[in-house]
Amino acid sequence: MVGQRAERGGSGILVRRFVRALPALLVVGGVVYDVATPPPFTAVPFFVAAPLIAAPLYTAAATLLVGLFAVLAVLAPHLVTALPEDVPGAAGATEVVTVATVGGLALLINRLVRRSGERLEASRVIAETAQRAVLPVPAERIGGLRVAARYEAAQADAFIGGDLFAVQDTPHGVRLVVGDVRGKGMGAVEAVAVVIGAFREAAEHESSLEAVVQRLERALAREGTRRDGLDAVEGFTTAVVAEIPRGNGLVRIVNRGHPEPLLLDAAGGVAALAPPEAALPLGMGDLGAWPDRAYEVPYPPGATLLFYTDGLTEARDARGTFYDPARWLEGRVFRGPARLLDALVADVRRHTGGGATDDMALLAITRPPRHPHHLP
């Protein structure tokens, strides 16, 4: 399977190179066609296509050169000889005007494409800035724990989405949230901002993890009331909220309809931290209500907690097989959470062939081993 993906990647590179070389190939091919065929036949379609293909691929100067070469290629058969019968007639003049006109249109297309690209780049920068403001990358060390986070967008150069994470050192220990807001775009980003803002306030002041989750529920309920239309009725957020108290070797978790975290021990073992009972996502309190109950799991020295959104487990290969992070992580040991996430992201890309269909957020937190000098 890896070999097949590598083959597809190599084929894609060859296709891109061929497309970029196509304008020059068309001009050369047109000249060859003109030389090899009788006068009634014309290679003008070759010369017309060349600058049009160059317009979205090349710079303005390169597009202009392709257009000039195309015009010269039309004139060449008449310029290489001084015989009177080879002087361009009405048909030849029409061919020259046609190619020159298309070359001018290609320059206009090139300019429009470049301006669109500049606007897209500006939008990308704005989106990236908004993403970093709403979803800042956590510090590498928080409350004595080693932390790493990744946000992988399904589309290249896309930054805004509904996946979220936050980690905070509080008087009650290190608290964190990982979640996934239904929907995309600015509406999802607004909901992300609401969840993270409510979490940061509640994590600092609420004495229990259950109370933190209820604060998130109320914040999303207010946001749903403020919104109009479909989001006010169907908006919800899956989330897992966790607390790592200082010094007692355990983690407390409340899971509201989110993929279950994984616990990776220092020897490469993997355990799924499934909740004792299922719960509805945040924002769906009208459909059913029961008390949130945190469950506790041992968190030994050297172990790593991996939290993620469903973009990880719903990543599929060419045959439609879903990605199984627990299966791939079983038996593997990583020198810190950052290397774990780098390797995991790389394997997901290999699995999907680079064609993920959903964003994914990853958060890994490693508890230092008993002997700190063993840290890399």
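## Confidence of the model

pLDDT is the predictor's confidence in each residue, on a scale from 0 to 100. This is a predicted model, in which local features need pLDDT of at least 70 and side-chain atom pairs count only at pLDDT 80 or more, while totals for chains, interfaces and linings use all residues. Residues are numbered from 1 along each chain as its sequence is written, and side-chain values use heavy atoms, with hydrogens and water left out.

The chain has an average pLDDT of 82, and 79% of the residues score at least 70. Helices (H or I, at least four residues) and strands (E, at least two) are DSSP runs, numbered from the N terminus. Among these elements, strand E7 (residues 262–264) has the highest mean pLDDT, 97, and helix H7 (residues 230–234) the lowest, 47. Over residues 1–9 the pLDDT stays under 50. For that stretch the model has six contacts (heavy atoms within 4.5 Å) beyond four places in sequence.

## The five-stranded sheet

Strands of a sheet pair through backbone hydrogen bonds, either parallel or antiparallel. Here two strands are said to pair if DSSP finds at least two bridges between them. Five strands form an open sheet in the order E3-E4-E5-E6-E9, with antiparallel pairing. Strand E3 (163–170) and strand E9 (295–298) stand at the edges with a single partner strand each, so one side of each has no neighbour in the sheet. On average, neighbouring strands are turned by 20 degrees against each other, direction ignored; the axes behind this angle are lines fitted to C-alpha atoms, for helices over the stretch in contact, and angles run from 0 to 180 degrees between N-to-C directions.

E3 and E4 are joined antiparallel over eight bridges, and aspartate 169 stands opposite valine 174 in E4. Strand E4 (residues 173–181) also pairs with E5 in the antiparallel sense, over eight bridges; valine 178 has valine 240 in E5 as its bridge partner. E5 is joined to strand E6 (residues 250–256) by five antiparallel bridges. The hairpin of E5 and E6 has five residues between the strands, and glycine 247 there takes a positive phi near 80 degrees.

## Strand E5 and the cores

Buried means under 20% relative accessible area, exposed over 50%, and partly exposed in between (1.4 Å probe, protein chains only). Eight of the eight residues of strand E5 (residues 237–244) are buried, so the strand is largely enclosed by the rest of the structure. In a regular strand the side chains alternate between the two faces of the sheet. In E5 both faces are covered, with Thr237, Ala239, Val241 and Glu243 on one side and Thr238, Val240, Ala242 and Ile244 on the other.

A nonpolar core is a set of buried Ala, Val, Leu, Ile, Met, Phe, Trp, Tyr and Cys residues joined through side-chain atoms within 4.5 Å. The largest one has 50 residues, and Leu176, Ile244, Leu363 and Ile365 have the most contacts inside it. Helix H5 (residues 185–205) gives the most to this core, nine residues. A second, separate core has 18 residues, including Ala148, Leu312, Leu344 and Ala364.

## Arginine 256

Arginine 256 is found in strand E6 and is the bridge partner of alanine 239. Arginine 256 is buried, at a relative accessible area of 8%. One polar atom of its side chain lies 2.7 Å from the backbone oxygen of leucine 280.

The side chains of arginine 256 and aspartate 292 are joined by a polar contact of 3.2 Å. Such a contact is a pair of N or O atoms within 3.5 Å; within protein, one must be able to donate a hydrogen and the other to accept it, and residues adjacent in sequence count only if both atoms are side-chain atoms. Leaving aside neighbours within four places in sequence, the contacts of arginine 256 include Val213, Gln214, Glu217 and Pro281.
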